Each structure stands twice: as C-alpha cells, then as structure tokens.
Amino acid sequence: MSLFSAVEMAPRDPILGLNEQFNADPNPKKVNLGVGVYFDDNGKLPLLQCVQAAEKAMMEKPAARGYLPIDGIAAYDNAVKALVFGADSDVVKSGRVATVQAIGGTGGLKIGADFLKKLNPQARVLISDPSWENHRALFANAGFEVGTYTYYDAATRSVNFDGMLADLRAAEPGTIVVLHACCHNPTGYDLTPEQWDQIIPVVQERGLVAFLDMAYQGFGHGIKEDGAVIGKFVAAGLNIFVSTSFSKSFSLYGERVGALSVVAADKDEAARVLSQLKIVVRTNYSNPPTHGGAVVAAVLNDPALRAQWEQELSEMRVRIKAMRQTLVDGLKAAGVQQDMSFITQQIGMFSYSGLTRDQMVRLRDEFGVYGTDTGRMCVAALNSKNIDYVCASIAKVI
Ligand code: PMP
C-alpha cells in the first residue's frame, strides 16, 4: 500500500491537453489555433528585437544573480505602475499603488487571490461566463467559492450587458469581481468605454472588489487605450486589483513576467498592503526570478528600446487585425454563406467562432485544425500560409 494509492488522476488541462494532441497528430497540414500564443506570419514565435537588444546589453555587462527583493526589481515595479496607471498619474505619484513583480499574469492573480482570502475569507468570487478557465481554478484553489456573471450572449454574438449589470447589482457587498481589462479571453468581445462607465458605479454602490486582469495590454487598441479602463476605476476612487502579464506583449511566455498592483486609499495603506503581499510571496516562492523582469525593466525604462517595443507590439496588433479581415474574406470565398463579419468586431488574440463542439471536433479529427471545443480560435496563430487551408476546412464543417 503506497502513500499515493488513493490518488486519482487529475483531468488534463483542456488547452495544454489539446497541444499534446496536436503534437502527436501526423497530419502535415495541421494548424494549432488552440493555445493563446502569438505567432508571426511565418508561424514562428517571435523573439522581439527590443528584447534581443536588452539581452545583448545585459550580456555585455554580466551581472551576478543574487536574490531579488521579495517584491521584485524596483525599476520593474515602477515601470509597471507607469504602464498601467500612467507615469504622471496622481495615484502613482502619491504612492497609493502597491506593486509586486509576479510569476506571469497567473502569479499576479494568485498573489491577489491569496491576499484577498486573508482579507475577506467569506467573499465570493465572480468570473465572466465564459472566462479564461484558469480564473475559476485559481480562485477556487485559493479557497473561494467561484460563481459567474453573465457576459457572452451566443444568440446575439455580443456581450449581454444588461445581464452583466443585473448580476453585478445582485452581488453581495465584498464580492470579488474578476474583469478582463481588455481583449476578453475567450470571446474577443470587450465592453465599450461607455459600458465601463456604467459598470463602475455598480461596483462602487454595491461595495464590490474589482480585480482587473490585464493580460493583453497593447493587443487591443493600443497601450494607452487598453489601459484607459484602469484610469476610470482609479478616477472613481475605487481600491482595485490589477494583474499584469508581459507574456504576450513581450513574447516572453516562458520567462514568466507579470505583476500585481493594488490601489490603496493613501500611501500609508499602500505600504501596509505591500507588506502583506510580500508575506504571500515569501511564503510561496520567496522572491521572483531575475531575468525576465530585468529584460522588461530595461526595455520599458530606456526610451529607444521602449519605442522599439511599442513598434513591435503594434505590428503584432495590426497583424492580428489584418488576419481577422482575411479570415472573414477567406471564409466567404470558401463558400461560407453565413455572415462571419462579427470576427472583425472581436478584439485581441481570440475569436469565438460560433462553431459548435461537434464542428470543432470534426475540424480537429478530419482536418488537423485545432481550436477549443467551445469554438475559440487563436487568430494570432493564423498566417498567410495557413489561412486558406483553415478557411477551406471551416467551410467544410459549417
Ligand atoms: N489572464 C488571462 C485572461 C489570460 O488569457 C492569460 C494567459 N493565457 C493569463 C491571465 C495568464 O498569463 P501568464 O501566462 O502571464 O501567466
């Protein structure tokens, strides 16, 4: 009898499991639209020029690898604050933001979740229906009961905004509401600025805790534009949580670079919050790794590298947008009767294609085109070489 005889096999991660299936597929035409990763037009994962330049400079002056402070590299945390809230924003200048470097956006969410669990153990968490699957698992593992608020309406292919508002209005005070700051994953449908203006008073009046997940800043409309929603919450005087990920925007997936920022009422409160966030970090993994944070800080804090990053990020954003249009045109040319132009109204990496589970399974089994069973496809993995095949395949299953 082993200690582990009663251990059950956990289900495979739905998206990473899809990857394994893709890798094992012998179809030479196979296309992976499952995982949320940006590939360039050659189907390659980019290594950004700004990252290479920063790494080259770092290699010319090799640095020893001591432990970082628990909250990470100060220059990194400051760069995150500037990016998320604006360098000249009152909230940053007055010291009201507590930021810690985190292990990816996931790490930022987890530090926030653990801190919130200590702060208000009875709180419920609401995530959007549907949401990035790990939201549910992550908050549930932090000990919360996780429910959903209405978000996507399949019938109208848009956000059921009235439903969302009603659910938030019905939430208990103290409920933690996880909101996608931009580029909603998985649907691709974001709230408009006017809709955010209606959400914020409800969050305020109901005493909800807004946790904004910002995994795609710069992938939607632009760095500033995508960050504007954060400014709206801050302007309303709300104490918010913001998780940041540089996985996509720097194409640094494996370096695990992210952050958590918490907006407090004043400088003193921010210092107390920071001290608690540091306990969470210290008792989980002690302190963050050096390399990714150092690269991102070097790029964000150097005007020339920063300009280069903005340029490269905008190229990724523009290419995704162009692929959306090409997909719509290609589907039409491939004989799809139904109007697919909704794909160009979606934003960010993903498209909820509206395809059923059966259609997605057929795409996979018969054509080697991999998306999730929910119909989500990663538009950022389409390119000029695979688009015709993808369109022809979709046309056959629709
Ligand atoms: N939130 C959302 C909505 C995401 O899509 C992702 C990445 N897929 C993350 C958080 C996590 O980002 P990271 O890989 O940096 O942990």
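Cys 183 is located in the loop that runs between strand 7 and helix 8. In this predicted model, Cys 183 has a positive phi of about 55 degrees although it is not a glycine. Most residues other than glycine have a negative phi, and most peptide bonds are trans. The loop between strand 7 (176–180) and helix 8 also holds Pro 186, and a cis peptide bond with omega of about 20 degrees joins Asn 185 to Pro 186.

A cis peptide bond is also found between Asp 129 and Pro 130, where omega is about 5 degrees. Pro 130 belongs to the loop between strand 3 (124–129) and helix 6 (133–141).

**Ligand surroundings**

Asn 185, a partner in one of these cis bonds, is also among the residues that surround the ligand. Divided by class, the shell has 2 nonpolar, 9 polar and 1 charged residues. Which element gives the most to the shell around the ligand? That element is helix 5 (residues 104–119), with 3 residues.

**Helix packing**

Two packed helices are described by the angle between their axes and the distance between the axes.

| Helix pair | Axis separation | Crossing angle |
|---|---|---|
| Helix 5 and helix 6 | 10 Å apart | about 35 degrees |
| Helix 8 and helix 9 | within 10 Å | roughly 30 degrees |
| Helix 3 and helix 11 | within 9 Å | roughly 55 degrees |

Helix 5, which contributes 3 residues to the ligand shell, packs against helix 6 with a right-handed crossing. On the helix 5 side, the contact is formed by Thr 106, Leu 109, Lys 110 and Ala 113, which meet Asn 134, Leu 138 and Phe 139 of helix 6. The residues of this contact comprise 4 nonpolar, 2 polar and 1 charged.

Pro 193, Trp 196, Asp 197 and Ile 200 of helix 8 are in contact with Ala 228, Val 229, Lys 232 and Phe 233 of helix 9. This contact has 6 nonpolar residues, no polar residues and 2 charged residues.

For helix 3 (residues 74–85) and helix 11 (residues 291–300), the axes cross at roughly 55 degrees, which makes helix 3 oblique to helix 11. The crossing of helix 3 with helix 11 is left-handed. Helix 3 supplies Ala 75, Tyr 76, Ala 79 and Leu 83 to the contact, and helix 11 supplies Gly 293, Val 296, Ala 297 and Leu 300. The class division of this contact is 7 nonpolar, 1 polar and no charged residues.

**Domain organisation**

How is the chain divided into domains? Domain 1 consists of the segments 15–47 and 306–397, while domain 2 covers 65–301. Taken over C-alpha atoms, the centres of domain 1 and domain 2 are separated by 27 Å. The contact between them takes 22 residues from domain 1 and 23 residues from domain 2. On the side of domain 1 that touches domain 2, the elements giving two or more residues are helix 12 (303–333) and strand 11 (350–352). Helix 12 gives the most to that side, with 5 residues. By class, the side of domain 1 that touches domain 2 has 12 nonpolar, 6 polar and 4 charged residues.

Note on methods: Residues are numbered from 1 along each chain as its sequence is written. This is a predicted model: local features need pLDDT of at least 70, side-chain atom pairs count only at pLDDT 80 or more; totals for chains, interfaces and linings use all residues. A residue is near a molecule or strand if its C-beta atom, placed from the backbone, lies within 6 Å of it. Helices (H or I, at least four residues) and strands (E, at least two) are DSSP runs, numbered from the N terminus. Ala, Val, Leu, Ile, Met, Phe, Trp, Tyr, Cys and Pro count as nonpolar, Asp, Glu, Lys and Arg as charged, and the others, Gly among them, as polar. Axes are lines fitted to C-alpha atoms, for helices over the stretch in contact, and angles run from 0 to 180 degrees between N-to-C directions. Two residues are in contact if their C-beta atoms, placed from the backbone, lie within 7 Å. Domain bounds come from an automatic or database domain assignment. A crossing is left-handed if the near helix is turned anticlockwise from the far one by less than a right angle, and right-handed if clockwise. Angles under 35 degrees count as roughly parallel, over 145 as roughly antiparallel, 65 to 115 as roughly perpendicular and the rest as oblique.
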